[in-house]
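Here are my notes on the model, point by point. Have the structure open while you read.

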Amino acid sequence: MSGRSRAAVVLATVATIAAALVPSAHASPEAPATVVLDGARLQRTKALLDRGDPRLRRELAALASRADDWLHQGPWTVVDKPRPAPGGDPHDYLSQAPYWWPTTTPTADNPWGCPYVQKDGQRNPEVDSGTDRQDVEKVFDSTYDLSLAWYYTGRKAYAEKAARILRTWFLDPATRMNPNLDHAQFIPCRYDGRAIGVIDFSQSYTSVLDAQALLATGAPGWSAQDRTAMREWNSDFRHWLENSDFGKQEGAASNNHGTFYDMQLAALAFATGDRALARRTVLDARTRRIDPQIAADGSQPQELARTRSWHYSTFDLVAYTRLAAIGRHVGVNLWAHRGPQGQGLFRAVDYLLPAATGAAAWPHPELEFHRYAASDVVHAAADAGDEAAREAVGKLEAPPGGDLWALRPAAEQLDSIVG
């Protein structure tokens, strides 16, 4: 997931927090109706924590530390950016294309320094100021961390803060975001928005859907009215995703953008009650995504062509493994699919294993290699039955802040380049 590369938790601090954690004060009679995460698995994990499982308590200490940090931040809103999106409505989300750079020094007559040119994989720092991209990443990350921490600990403050963040960004009339991405990843003096900007949400918003499902198990501060309003927002956003020109263009993409589109559409369909669309989207991904995008040897040629080939190879597999997790809820085993040349998710993950375990160097271009980027997708493959991945788990490099897979077993992009 994006924005998660925080400093590693100091062991002594973790030990102190772990010792202070107590069994959850709330009980959920039913497993949470999560979209990507396995609600029944979360329920079993919670029961183990309540019985004092020492390994899980250490991981919970790290999660609680992150949640504690969020208690002192936000909430955030789209309406507080320095200038509105090109359409003039401050409630419209705005982000700037990260790999496009000015070619001249800004002047009064040319305040952006246009024209802009693309430098793939090189992030222009100006995109992190003046738009909503940084804030929305904080919304995604904070609500997920806080909701998980509340579910496992029962601490009221976590749930109430998550609820306030969600209401401020999505629901309150004065501060809410319009359910569209018409101005995502705009390029100054070139485009007011682009279809490619849909990935601003598709790469992380499914975590917010799971956060909502966790809060719906009885979290204080998240009312039935909030749940209804959030469902309406999700329905409106899904409608935009399916019917807008940008949504249709993103759905037609043949690389990670298309994979993430399918994952987001299936998740929104499931969350808003359309299980048939969710199932159809996962089924179609077999021949529409896996067969043309994954080669016989498990490589992903379009992702290997990038200057950040390791990042994008793991990134695409985050979408695939999360889509497979959604498939589990609607009776589709995406892991079992084999294309005409043997293409499949197991083979794609296995292609990463030599570099993921440190056994061999990554043989493709990569501007900033982080071995831990593959950790979650290897965990996902291992859980799905891949023997090679199971053997590799013990050799993985833990991401900054620790490996939290046991508490939130759904892949995230651990080497975020959002900023």
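1. Let's start with a quick one: is Cys189 buried or exposed? Cys189 is exposed, at a relative accessible area of 58%; exposed here means over 50%, buried under 20%, and partly exposed in between, with a 1.4 Å probe and protein chains only. Cys189 sits in the loop between β4 and α6 (199-202), and its phi is near 65 degrees, a positive value in a residue other than glycine.

2. Some ground rules. This is a predicted model, in which local features need pLDDT of at least 70 and side-chain atom pairs count only at pLDDT 80 or more, while totals for chains, interfaces and linings use all residues. Residues are numbered from 1 along each chain as its sequence is written, and side-chain values use heavy atoms, leaving out hydrogens and water. Helices (H or I, at least four residues) and strands (E, at least two) are DSSP runs, numbered from the N terminus.

3. Gln185 also has a positive phi without being a glycine, near 50 degrees. You'll find Gln185 in strand β4 (residues 183-186). With 6% relative accessibility, Gln185 counts as buried.

4. Now the cis peptide bonds. One runs from Gly74 to Pro75, with omega near 5 degrees, and Pro75 belongs to the loop between α3 (54-70) and β1 (94-96). Another runs from Cys114 to Pro115, where omega is near 5 degrees; Pro115 is in the loop between β2 (100-102) and β3 (116-118).

5. His72 is in the loop between α3 and β1. His72 is exposed, with 71% relative accessible area.

6. Have a look at helix α4 (residues 133-153). Its 21 residues reach 30 Å from first C-alpha to last, close to the 30 Å expected at 1.5 Å a residue; the expected span is 1.5 Å times one less than the number of residues. Of the 21 residues of α4, 19 are buried, so this helix is largely enclosed by the rest of the structure. Just after α4 comes Gly154, with a positive phi of about 75 degrees.

7. How do α13 and α14 pack? Helix α13 (residues 309-329) and helix α14 (residues 345-356) meet at an angle of about 140 degrees, their axes 11 Å apart. Axes are lines fitted to C-alpha atoms, for helices over the stretch in contact, and angles run from 0 to 180 degrees between N-to-C directions. The two helices are therefore oblique to each other: under 35 degrees would be roughly parallel, over 145 roughly antiparallel, 65 to 115 roughly perpendicular, and the rest is oblique.

8. Which residues make that contact (heavy atoms within 4.5 Å)? From α13 come Trp310, Ser313, Thr314, Leu317, Tyr320 and Ala324, and they meet Leu345, Ala348, Val349, Leu352, Ala355 and Ala356 of α14. By class, the contact has 10 nonpolar, two polar and no charged residues. Ala, Val, Leu, Ile, Met, Phe, Trp, Tyr, Cys and Pro count as nonpolar, Asp, Glu, Lys and Arg as charged, and the others, Gly among them, as polar.

9. Finally, helix α15 (residues 375-383): eight of its nine residues are buried, so α15 is largely enclosed by the rest of the structure. Among the buried ones are Asp376 and His379. Their cover includes α13, α14 and α16 (387-392). Just after α15, Gly385 has a positive phi of about 115 degrees.

Notes. Contact means heavy atoms within 4.5 Å.
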